Amino acid sequence: DLYLINILNFMDLNPYITGVTVPKLNQANLLDISIPLPPIEIQQQIVDDLINYQNIIDGCRQVVNNYKPHINIDPSWENQTVGMIFENITKTIKPEEIDFSKTKYIGLEHIEKGKGVLVNNFDGKIHEIRSNKSIFKAGDILYGKLRPNLNKVVLVDFDGICSTDILVLRPKGSASAGFYHSIFLSRQFNQEVMKAISGAQLPRTKFSFISEIKVPCPSKECQDVLYKNIIKERNYVQSSSKLIEIYTKKIQDRVSKVWDK
């Protein structure tokens with residue numbers, strides 16, 4: 001079955017699909033499809049390879065899909081309000097002032113829910129901007145204020161502009177943005193944010209409330225060490241993402257060889 005499934009997945013089935021409004025592959029057309037049929041021993045070798053590749057992909061997906069940076073809070077750490085550590089940058093730019101050839105844009109749709117990263121297909125290109133946008137700089141934290149239950153928070157490493165439905169938070173002094181990015185992503189912080197949202201259909205939060213939430217404030221040295229550990233973890237996750245790409249290609253190549261013979 002696995003051999004047949006992968007052979008069919010590799011094929012272009014469009015010539016066998018009928019119907020315009022509801023395209024479908026009926027049984028008669030399915031039975032007319034010709035596929036390579038090597039000896040059963042070769043089929044089994046192919047299936048064994050595909051199972052091994054798929055197991056690696058599934059394991060890596062578990063890592064990628066479930067990873068979220070976490071910091072164990074030490075009760076002895078001092079607490080301070082977000083407003084004492086961060087400022088809300090409210091500078092905006094008009095569409096006619098934007099250099100579209102050089103500027104990267106982030107909308108809420110470009111930030112993964114609860115993961116603290118940009119979506120895989122993010123390209124930073126600007127499409128049909130017709131309203132003012134907020135300006136951010138590398139090292140800022142972007143916090144989605146629309147539907148905060150989605151917990152869309154990302155630490156950016158480039159300058160750009162973003163939707164005004166996103167708060168631009170910039171550390172004051174020497175606070176580690178990387179450390180606080182993980183704090184802002186935590187379930188506990190999100191629960192605090194959700195205590196005071198406005199709007200039934202389009203719930204929002206605002207900086208005036210977030211600024212009053214208390215967060216841990218360990219020494220700068222401690223913040224830096226913890227953030228370095230998170231970077232190491234993220235590198236492992238990125239390696240898992242790369243392995244998914246590699247072994248997906250291996251599956252495609254393995255099936256392709258069957259058709260080449």
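1. In this note, a residue is called buried under 20% relative accessible area, exposed over 50%, and partly exposed in between, judged with a 1.4 Å probe and protein chains only. The model is predicted, so local features need pLDDT of at least 70 and side-chain atom pairs count only at pLDDT 80 or more, while totals for chains, interfaces and linings use all residues. Residues are numbered from 1 along each chain as its sequence is written, and side-chain values use heavy atoms, with hydrogens and water left out.

2. Helices (H or I, at least four residues) and strands (E, at least two) are DSSP runs numbered from the N terminus. Helix 3 covers residues 40–66, 27 residues in total. From its first C-alpha to its last, helix 3 reaches 38 Å, close to the expected 39 Å; that expectation is 1.5 Å times one less than the number of residues.

3. The buried residues of helix 3 are Gln-43, Ile-46, Val-47, Leu-50, Tyr-53, Ile-57 and Cys-60. These buried residues pack against helix 1 and helix 8 (220–260), where contact means heavy atoms within 4.5 Å. As background, an α-helix has 3.6 residues a turn, so residues three or four places apart point the same way.

4. Leu-2, Ile-5 and Ile-51 make a nonpolar surface patch of about 220 Å². Patches are built from residues with over 30% relative accessible area and no salt bridge, joining like charges within 9 Å and nonpolar side chains (Val, Leu, Ile, Met, Phe, Trp, Tyr) within 5 Å. The areas come from the Shrake-Rupley method with a 1.4 Å probe, and for residues only the protein chains shown count as cover. Ile-5 belongs to helix 1 (residues 2–10) and is partly exposed, at a relative accessible area of 45%.

5. The largest nonpolar core has 27 residues, and those with the most contacts inside it are Val-82, Tyr-143, Tyr-180, Phe-184 and Phe-189. Such a core is a set of buried Ala, Val, Leu, Ile, Met, Phe, Trp, Tyr and Cys residues joined through side-chain atoms within 4.5 Å. At least two residues of this core come from each of helix 4 (82–85), strand 6, strand 9, helix 5 (177–185), helix 6 (187–193), helix 7 (207–210) and helix 8. Helix 5 gives the most, with six residues. A second, separate core has 15 residues, including Ile-111, Val-119, Val-156 and Phe-158.

6. Ser-182 also deserves mention, as a residue of helix 5. Ser-182 is buried, at 4% relative accessibility. Leaving aside neighbours within four places in sequence, Ser-182 is in contact with Pro-69, Ile-71 and Ile-230.

7. The whole structure holds seven salt bridges, each being a side-chain nitrogen of Lys or Arg within 4 Å of a carboxyl oxygen of Asp or Glu. One of them joins Asp-140 to Arg-170, with the closest N and O atoms 2.8 Å apart. This pair links distant parts of the chain, 30 residues apart: Asp-140 is in the loop between strand 5 (133–136) and strand 6 (141–144), and Arg-170 is in strand 9 (residues 166–171). Asp-140 is buried at 1% relative accessibility, whereas Arg-170 is partly exposed at 22%.

8. Two further salt bridges may be noted. Lys-220 and Asp-224 meet at 2.9 Å, N to O; being four residues apart in helix 8, they are separated by about one helical turn. Lys-220 is partly exposed at 29% relative accessibility, and Asp-224 is partly exposed at 27%. Lys-195 forms a salt bridge with Glu-192, the closest N and O atoms being 2.9 Å apart. Lys-195 is exposed at 61%, while Glu-192 is partly exposed at 31%.

9. Ala-138 lies in the loop between strand 5 and strand 6 and is partly exposed, at 43% relative accessible area. Ala-138 and Asp-159 are 21 residues apart in sequence, yet their C-alpha atoms are 5.0 Å apart in space. Not counting residues up to four places away in sequence, Ala-138 touches Val-156, Asp-157, Phe-158 and Asp-159.

10. Arg-147 is partly exposed, at a relative accessible area of 37%, whereas Asn-151 is buried at 5%.
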